[in-house]
Amino acid sequence: MVDSQIETRGVKEQRILAAMRKVPRHVFVPENVKRYAYQDEPLIIGEGQTISQPYIVAYMSEALQLKGHERVLEVGTGSGYQAVILAEIVKEVFTVELVESLSVRAQEVIKELGYQNIHFKVGDGTFGWEAHAPYDAIMVTAAPAKVPKSLQEQLKIGGKMMIPVGAAFQELVLLTREKKKFKRKKLLPVRFVPLISTH
Ligand code: SAH
């Protein structure tokens with residue numbers, strides 16, 4: 001998977017490639033799709049939700065330019081796979097999921113794998129996770145129509161946020177928080193499930 005789908009498409013960061021070689025993707029997906037776990041596609045994980053395509057996980061992780069000391073917020077725990085890739089390369093991961101059953105399942109899988117640096121919350125990630133803010137980086141894995149204000153506020157100055165934005169047409173956006181404003185860079189057209197708003 002890493003050789004043929006990720007490295008060849010230009011992901012270079014060695015720590016990400018190593019994490020993706022190490023973490024078994026099949027343990028994060030339901031029984032009926034396990035045999036597709038290392039293919040170049042997103043997969044269904046139940047509750048109408050998906051685990052992202054492996055290349056997109058690698059691409060988004062690399063774009064955040066993480067060094068290892070960071071505390072990172074993820075919105076949309078889903079299967080827990082992206083949280084584990086992050087946990088391999090940073091200090092602490094805080095992940096929020098709206099659908100309780102998905103969070104519970106991810107917590108079970110991750111406990112089994114033995115990670116201690118991932119913290120879970122069930123709730124609407126549109127509002128981030130205030131208690132542990134500010135974060136060095138934020139990874140959003142469901143698409144809102146526009147970047148939620150709370151997430152911007154919970155990012156440190158100098159920090160980066162990776163977020164798919166849009167509805168029918170979505171783009172991956174990389175935001176960098178500067179002293180007084182946010183620098184915005186459009187990266188790729190993508191298709192994520194929508195970020196569900198609870199208000
Ligand atoms: N990162 C996941 C993929 C997530 S798919 C993985 O590696 O498997 C997007 C997830 O976002 C879904 O699980 C969906 O339930 C969740 N989601 C949607 N709206 C949300 C919201 N407002 N707050 C938190 N999670 C949300």
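Predicted model: local features only at pLDDT ≥ 70, side-chain atom pairs only at ≥ 80, totals over all residues.
In soluble globular proteins, nonpolar side chains tend to be buried together. Here the largest nonpolar core has 47 residues, and those with the most contacts inside it are Met-20, Phe-28, Leu-66, Tyr-81, Ile-118 and Met-162. Several elements each supply at least two residues of this core, including helix 1 (2-7), helix 4 (81-89), helix 5 (100-113) and strand 8 (170-177). Leaving aside residues up to four places away in sequence, Ile-118 touches Ala-83, Val-84, Ala-87, Val-93, Thr-95 and Ile-110. There is also a second, separate core of 18 residues, with Leu-73, Phe-94, Trp-129 and Ile-138 among them.

Next come the rings. A search of the whole structure finds four aromatic pairs. In one of them, the ring centres of Phe-28 and Tyr-81 are 5.5 Å apart and the planes stand at 75°, so this pair is edge-to-face. Phe-28 lies in the loop between helix 2 and strand 1, while Tyr-81 is in helix 4, so the pair ties together parts that are 53 residues apart in sequence. Phe-28 is buried, with a relative accessible area of 6%, and Tyr-81 is buried too, at 1%. Arg-25 lies over the face of Tyr-81, 5.8 Å from the ring centre.

Tyr-55 and Tyr-59 form a tilted pair, with 5.9 Å from centre to centre and 50° between the planes. Both residues lie in helix 3, four residues apart, about one turn of the helix. Tyr-55 and Tyr-59 are both buried. Arg-9 lies over the face of Tyr-55, at 4.8 Å from the ring centre.

Elsewhere, ring pairs link Phe-94, Trp-129 and Tyr-135 into a cluster. Phe-94 and Trp-129 also belong to the second core.

Terms used. Residues numbered from 1 in each chain as written. Heavy atoms only, no water. Core = buried A, V, L, I, M, F, W, Y, C linked by side-chain atoms within 4.5 Å. Buried < 20%, exposed > 50% of the residue type's maximum accessible area, 1.4 Å probe, protein only. Contact = heavy atoms within 4.5 Å. Phe/Tyr/Trp six-rings, centres within 6.5 Å; stacked < 30°, edge-to-face > 60°. Lys NZ or Arg CZ within 6 Å of the ring centre and 35° of its normal.
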